Amino acid sequence: MGWERLLVPKSNKPRLNLTRGRAGWEVWPEGAPPCPQSSGPSAAAALPPSETGALMGFPQALLALLGAAVLAALILLVLGSIYFEATNSELPAGLEQPARLRVIHACRIGAAVLGRILENLHLCSQIQFVRFVRNAWTRRRDPALCIQDAAFEGIPVRLYLPKAPSAAGPRKGIVYFHAGGWLFGSLGSQEHLCCYLARESDSVVVSVAYRLAPEHRHPAQLNDCLAASTHFLKVAEDYGVDSSRLILAGNEAGGNLAARVCQILASRPGPAKVHAQVLLCPVLQAVDFNLPSYLQNRAVPLLFRERAAFYLLQRSMGDASCLGDVLEGSHVPMKLRAQYRKWLSADHLQKEFKARGYKPTACLSSKEAVCEALGSLTLPECSPLLAEEAVLSLLPKTFILTCEYDVLRDDGLLYKKRLEDQRVPVTWCHLANGFHGIIECFESGWLGFPSGKKGVDDIVSFIKGL
């Protein structure tokens, strides 16, 4: 309230002072102080403007200071984690553009660390945040292509169709399975590669958005890719594609899915067959993580040895509690080791792939409980490299791309040998200074890699030559 009124006797007739309070104009006798006011907004209003502004700005200043401190702590934590990862990673002398690779690796590690912080704050899971970051890199649509989304058997797909009419009749069709360790990736995450393949090879490309782990465990991813491929074989003519010229392609984890889907379709009776398969740095086995490439490149970005096993466990179990056992090989029964050795051994690799500091490691004994829990990892559904000869002999022409500084290099080399032993025509492209993920960095620009461009152009040449 405003100043209280003071009643003054008329006989004294004192001189009055006049002031304006909150309730209106108030008076009091000359020399008498105004009545004391209670604390509250009115008291603050009686202070000088400069002091009032200081009082009102203090909470905002404190909040700003706290926010700046939290932000600085987050930045320091992320930078510290990036520095720790960088100092514990290895960049061999033969790598192409090592400084650029460090930048890409730092960005990925920074996203993972920030995702972990947000998960600890119960804001979102680390996997959800990393997916958001990776999918945020949108690409400009290609004006030479008609791009449309659809669903094959309820599975989201994206089709890339050349706008120009085909002079040679129905086109080839490419069913593409994206990379991402079965945990990451989307229809848009590798759109630049799909656009390039469709435009340069004059083919119709179908990118499949299979379900991701750990929310969906094996065999959800394989079932989605198989269903989408089978459906496209049936409706290929609706998109101007010759169903007898279907190509399955996949990168990294997608290469694993493409290899197994191709084996299944090749084994089925009937005229509908796959014309060729394109496997780019594929994951082809989950049995031996002590092959030369896994040990030589164990800390080379963008895929560490432990991370490769981690992704496989997330796909099969939804967690990585048995990571140490898998890296040691304790998840493989002893009776199967001798059987797999004829296909899966460093003895089948050329000498130059074992020269770079490779030292064989002794296999530990199997653990029965682990073998039972992870039995699916030793089956062809997860390890296409371990398929029987009768299945491999039915496979079509194959393109395999490997990188020297990739833990998955020997998977591709050993699969190449197995196919050649069954007289399957194999076109092999090896990037001598390439690393895991270089195919995704084929475009020109400050983060582009010439070897990646060479690899993609070799893929196009193979497809055009079919």
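## Helices H5 and H15

In this predicted model, helix H5 crosses helix H15 in a right-handed sense. H5 covers residues 191–201, and H15 covers residues 450–464. Their axes approach to within 10 Å, at a crossing angle of roughly 45°. The two helices therefore count as oblique to each other, because that class takes in angles that are not roughly parallel (under 35 degrees), roughly perpendicular (65 to 115) or roughly antiparallel (over 145).

On the H5 side, the residues that take part are Leu193, Tyr196, Leu197, Glu200 and Ser201. They meet Lys453, Val456, Asp457, Ile459, Val460, Ile463 and Lys464 of H15.

## Tyr196 and Ser201 in H5

Tyr196 is found in H5. It counts as buried because its relative accessibility is 11%, and buried means under 20%. Its side chain makes a polar contact of 2.6 Å with the side chain of Asp457. Tyr196 and Val456 are 260 residues apart in sequence, yet their C-alpha atoms are 8.6 Å apart in space. Beyond its neighbours within four places in sequence, Tyr196 is in contact with Ser201, Phe442, Lys453, Val456, Asp457 and Val460.

Ser201 also lies in H5 and, at 5% relative accessibility, counts as buried. A polar atom of its side chain lies 2.4 Å from the backbone oxygen of Leu197. The side chain of Ser201 is also joined to that of Ser203 by a polar contact of 3.0 Å. With neighbours within four places in sequence left aside, the contacts of Ser201 are Ile174, Tyr196, Val460, Ile463 and Lys464.

## Helices H6 and H7

The crossing of H6 and H7 is right-handed.

From H6, the residues Gln221, Leu222, Cys225, Leu226, Ser229, Thr230 and Leu233 take part in the meeting. Their partners in H7 are Leu257, Arg260, Val261, Ile264 and Leu265.

## Helix H3

H3 runs over residues 98–120, a total of 23 residues. At 1.5 Å a residue it should span 33 Å, and this agrees with its end C-alpha atoms, which are 33 Å apart. Just after H3, His122 takes a positive phi of about 60°.

The buried residues of H3 are Leu101, Ile104, His105, Ile109, Gly110, Ala111, Val113, Gly115, Ile117 and Leu118. As a general point, an α-helix has 3.6 residues a turn, so residues three or four places apart point the same way.

## Glu404 in strand E9

Glu404 belongs to strand E9, which spans residues 397–405. Is Glu404 buried or exposed? Its relative accessibility is 10%, so Glu404 counts as buried. Its side chain makes a polar contact of 2.9 Å with the side chain of Arg409.

Apart from neighbours within four places in sequence, Glu404 is in contact with Asn297, Phe353, Arg356, Arg409, His430, Leu431, Ala432 and Gly434.

## The protein as a whole

The protein has 466 residues, and 48% of them count as buried. Its secondary structure comes to 15 helices and 10 strands. Among contacts in the protein with a separation of 6 or more, 73% are between residues 24 or more positions apart.

Terms used: Residues are numbered from 1 along each chain as its sequence is written. This is a predicted model: local features need pLDDT of at least 70, side-chain atom pairs count only at pLDDT 80 or more; totals for chains, interfaces and linings use all residues. Side-chain values use heavy atoms; hydrogens and water are left out. Helices (H or I, at least four residues) and strands (E, at least two) are DSSP runs, numbered from the N terminus. Buried means under 20% relative accessible area, exposed over 50%, partly exposed in between (1.4 Å probe, protein chains only). A polar contact is a pair of N or O atoms within 3.5 Å; within protein, one must be able to donate a hydrogen and the other to accept it, and residues adjacent in sequence count only if both atoms are side-chain atoms. Contact means heavy atoms within 4.5 Å. The expected span of a helix is 1.5 Å times one less than its number of residues. Axes are lines fitted to C-alpha atoms, for helices over the stretch in contact, and angles run from 0 to 180 degrees between N-to-C directions. A crossing is left-handed if the near helix is turned anticlockwise from the far one by less than a right angle, and right-handed if clockwise.
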